[in-house]
Amino acid sequence: MARLNLTTLRRLQNLPQIPSVWEGDRRSVSSESSSKLEGDDSGSSECIIWVDGSQGMVRAMDMVGSNLGPEVTVRTLLRAMEHPQSPTPAARPQKIVVKDREIQFFLRGVLQDLEITIEYVPDLPLIDEIFRGLQEVAENRPPQLPPQHASTLQEKAYTIWQDAPWEKLGEHQILSIELNEFDVTTLYISTLGKLGMDYGILMYRSLDSLKQFRERVVQHQPHDNLEEAFLTQDCLFVTYESLLDFEDDEDEDDENLANLSISEIQPSFGNLHPLEGLRSILYEEEAATVLVTLEALHRFLRDFRQKFKSHQFPALSRRYRIPFLKSDSQKKQIMVTVATLPEVASELLDIASTSDSEDEDELDLEMPILRDDLVPPKSFLSLGVMPWDTAEYLRNHIQFHQASEIDIPQDGEGLPVILIQTSKPKAQTLIQTLKKAGGLTGICFNPGEDPMAGCNYDLGILRTEDGDLHLLGEFIEDDPTHQQARQKWEQRCQNTQGWCGLIIAMGLTGASRGQPGFKDMMALLEVRSLSPQELGLGPLQLVSNSF
């Protein structure tokens with residue numbers, strides 16, 4: 001049995017002991033709440049409550065997971081003594097009564113040096129009354145989603161997660177969805193996720209609300225209350241969170257949800273309104289609106305996904321007939337029109353570009369970010385050349401081949417290539433990620449520097465078809481081996497009129513490390529070699545251990 005340490009024991013002994021009887025108990029309370037409870041891995045929850053029976057006031061109450069042991073009951077009791085939630089001074093009671101023999105014996109062992117009498121009683125009328133009230137509140141609380149729409153909404157949300165609209169659309173690239181149903185005329189859709197941070201779909205009820213919020217965020221000053229601006233939005237939303245329990249908070253901050261499997265993702269729904277604030281409950285008509293909207297968005301992405309390339313946002317529109325099952329089990333067809341709003345996108349870009357804000361966390365909508373989550377950590381990287389006959393053989397026999405747009409001139413000793421060698425599972429994931437991004441469009445070496453260390457880098461950068469930039473690797477500029485490799489790289493790219501290749505191979509460990517054979521090579525992507533001026537990034541500085 002755990003014992004109180006001596007410092008805690010002395011601190012509790014110094015509390016004044018009052019002539020009162022406290023009641024304590026732990027009981028199951030059904031709840032539709034989705035909030036994460038302490039230790040709640042099973043999905044069921046219990047309520048621990050400590051009451052001063054002499055004064056009839058609650059001193060401490062906690063919701064915990066049902067799988068936790070009796071120690072959690074003591075934690076709540078100690079808080080009731082030292083930090084009561086009711087306006088009463090810290091104190092320890094003269095007597096404690098419980099109706100659970102196990103808790104009685106456990107408390108006797110833990111509190112034996114505090115001069116508190118622990119007794120068993122068959123009934124706790126005061127706590128019974130409190131728990132009846134709690135149970136009524138829990139039972140009368142509306143569910144987060146209407147039961148008739150809950151499973152379908154979850155299914156549609158997971159479909160949108162797999163569609164990943166944020167891979168094609170920036171937050172400024174707004175879609176309109178004309179419903180004319182459920183007291184909603186048109187919703188304006190903004191996607192979250194381009195930065196690899198928060199993922200979700202925002203469905204604004206008015207274009208003014210969207211623009212006003214964007215202006216406040218882009219133009220905010222340090223003294224502005226962004227939380228207040230957040231609560232003034234008028235929209236429905238679905239956001240995505242991780243189901244994983246992170247033991248290390250630092251790892252949690254760095255985790256990108258896009259790297260998780262769909263089984264590790266949980267969608268959440270809600271409503272924002274200037275007069276209501278944030279509400280994590282959707283009522284029937286709101287749920288119906290979101291359901292139809294997500295289905296229309298899914299169909300639009302299915303039809304036009306390939307149109308959104310390299311930050312292009314053309315004028316597109318399409319009508320859909322969305323089937324909807326009403327609460328009375330009658331089916332109806334809802335005509336929905338989905339369209340892009342290029343003029344709104346340009347207007348939002350203008351708002352961002354004319355802002356004088358120096359907030360470093362602000363999103364520059366025109367500048368693609370440099371992501372560092374594509375190339376697997378600890379991969380083997382090298383610059384080299386592939387003989388022309390080897391390149392020709394791979395084009396016909398490799399697992400994945402992205403061909404060049406022209407016949408590459410076979411001048412010089414061969415095709416200049418960069419090798420990424422990693423484990424087979426990671427290589428397969430890398431290939432799938434590149435396919436999902438539409439392929440690779442270019443490789444570039446851009447200058448970078450670490451002012452603290454006083455050294456300069458050559459940053460290898462990959463540009464994908466969706467316009468994103470990905471860090472390939474950091475090469476020390478003054479390294480003679482890299483300098484020689486870079487000189488040969490430039491000469492070889494001149495011979496091929498700027499064409500080069502990316503090889504993805506397995507076999508990171510063992511004899512094939514650095515020299516993969518044909519059986520190890522899994523992908524060949526033939527792309528353009530880009531200059532730093534074509535990317536327009538300029539020299540990059542190392543910030544918080546990453547560029």
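This is a predicted model: local features need pLDDT of at least 70, side-chain atom pairs count only at pLDDT 80 or more; totals for chains, interfaces and linings use all residues.
Entry 1: I began with the total, and the count comes to 27 salt bridges. I then picked a few pairs to follow along the chain.

**Entry 2: Lys436 and Glu167.** I found these two side chains meeting in a salt bridge, with 4.0 Å from N to O. The pair links distant parts of the chain, 269 residues apart. Lys436 belongs to helix 12 (residues 424–436), while Glu167 sits in the loop between helix 5 (147–163) and strand 6 (175–181). I also looked up the accessibility of Lys436: at 42% relative accessibility, Lys436 is partly exposed.

**Entry 3: Lys211 and Glu347.** Here the closest N and O atoms of the salt bridge are 3.1 Å apart. Lys211 is in helix 6 (residues 207–218) and Glu347 is in helix 10 (residues 342–353), so this pair ties together parts 136 residues apart in sequence. Is Lys211 buried or exposed? Its relative accessible area is 18%, under the 20% limit, so I noted Lys211 as buried. Glu347, at 33% relative accessibility, is partly exposed.

**Entry 4: Arg395 and Glu526.** My next salt bridge joins the side chains of Arg395 and Glu526, at 2.6 Å from N to O. Arg395 lies in helix 11 (residues 388–397) and Glu526 in strand 22 (residues 521–530), so a helix and a strand are tied together across 131 residues of sequence. Glu526 is buried, and I wrote down a relative accessible area of 3% for this residue.

**Entry 5: a network.** Which residues are linked with Arg27 in a network of salt bridges? I found Asp25 and Asp128 there.

Technical notes:
Residues are numbered from 1 along each chain as its sequence is written. Side-chain values use heavy atoms; hydrogens and water are left out. Helices (H or I, at least four residues) and strands (E, at least two) are DSSP runs, numbered from the N terminus. Buried means under 20% relative accessible area, exposed over 50%, partly exposed in between (1.4 Å probe, protein chains only).
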